Amino acid sequence: MNADAVVLDIDGVLVDVADSYRRAIVDSIEHVYGRTIRREDIQLFKNAGGFNNDWELTYAGALYVLAAGEGFDRSLEAFTDAIAAEGGGLEAAESVVMDELGGQATQRVRGKWDTERLRDVFQQLYLGSERYAVLEDAEPDAELEGAGYIEAEPVLLEAETREALLERYAVGIVTGRPAAEAEIALTRVGLEIPLEHRFTMDDWAEGKPHPHALTTLGDRFDAESVVFVGDTLDDIQTAVNAEAADDGRTYHGVGVLTGGLTGGSGRELFEEAGASAVLESINELPEVLELPY
């Protein structure tokens, strides 16, 4: 791919978030409403697009649960297909539900749909009591006190891979995490990235798959060819959008099968989305980058 810059997502690429962020989505909805979606349903939202922000995915999952209680009878797969058809994301999820429910049912759903509470519970579960108190500047709920799910994030990036990438390429980060949570993950994997080479939720309002963060890093690296590695279809679309937006350099999206997309079906979805390569893990990247494209 003739790359001179490599940009990495964090979740599902550098650390495994199946038992942290994804668990927090399911458990937050359960805690607030007493019922929830299944963990495997999360990937349906991710594949629909526009759910790089896991808080918003939590809100959409809760919206589905509440709507189902008011007679919304689509399967979750049909619901997420309809979200994708409307362009993806939380706004599309609201549109799908509200278009189908009657006026009174819609009012009841909106009255119960408490996104602030969902976010607060999510942060308490994910961060744990001590980090929540510091990062959110708030007292945790007594029933939610304890260690956070963030402690259950196995490192995926091997030290040999890390050193090979840092030695040969300019390395940046584009993630949907808040800055403080990105720092925790990067410290855990031993990856020191200057702040000017990172884009987090706090740096960039649009979020993936908008190309701004990726094209900006391309400029900052003065790169001719940028490889962006991610675990979702939105990550690949980010690279595709950057390629369309920036005539001055080449962008390649590389998918890894260590997030929600796995196996042959995951590989096929990545390729259909425009991935230049699909890897079993980030640790295959140095070898693949040196192969002729």
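Strand β5 (residues 250–256) pairs with β6 in the parallel sense, over three bridges. Pairing here requires at least two DSSP bridges between two strands. Strands are DSSP runs of E, at least two residues long, and helices are runs of H or I, at least four residues long, both numbered from the N terminus. Gly255 has Val278 of β6 as its bridge partner.

This is a predicted model: local features need pLDDT of at least 70, side-chain atom pairs count only at pLDDT 80 or more, and totals for chains, interfaces and linings use all residues. Residues are numbered from 1 along each chain as its sequence is written, and side-chain values use heavy atoms, without hydrogens and water.

The open sheet has six strands, with parallel pairing and the order β3-β2-β1-β4-β5-β6.

The largest nonpolar core holds 76 residues, with Leu8 and Leu14 making the most contacts inside it. Such a core is a set of buried Ala, Val, Leu, Ile, Met, Phe, Trp, Tyr and Cys residues joined through side-chain atoms within 4.5 Å. Buried means under 20% relative accessible area, with a 1.4 Å probe and protein chains only. Helix α3 (residues 54–68) gives the most to this core, 10 residues. A second, separate core has 15 residues, including Phe199, Ala213, Leu217 and Tyr251.

Leu8 deserves a look. Beyond four places in sequence, its contacts (heavy atoms within 4.5 Å) include Leu14, Val171, Ile173, Phe228 and Leu285.

Definitions and conventions. Buried < 20%, exposed > 50% of the residue type's maximum accessible area, 1.4 Å probe, protein only.
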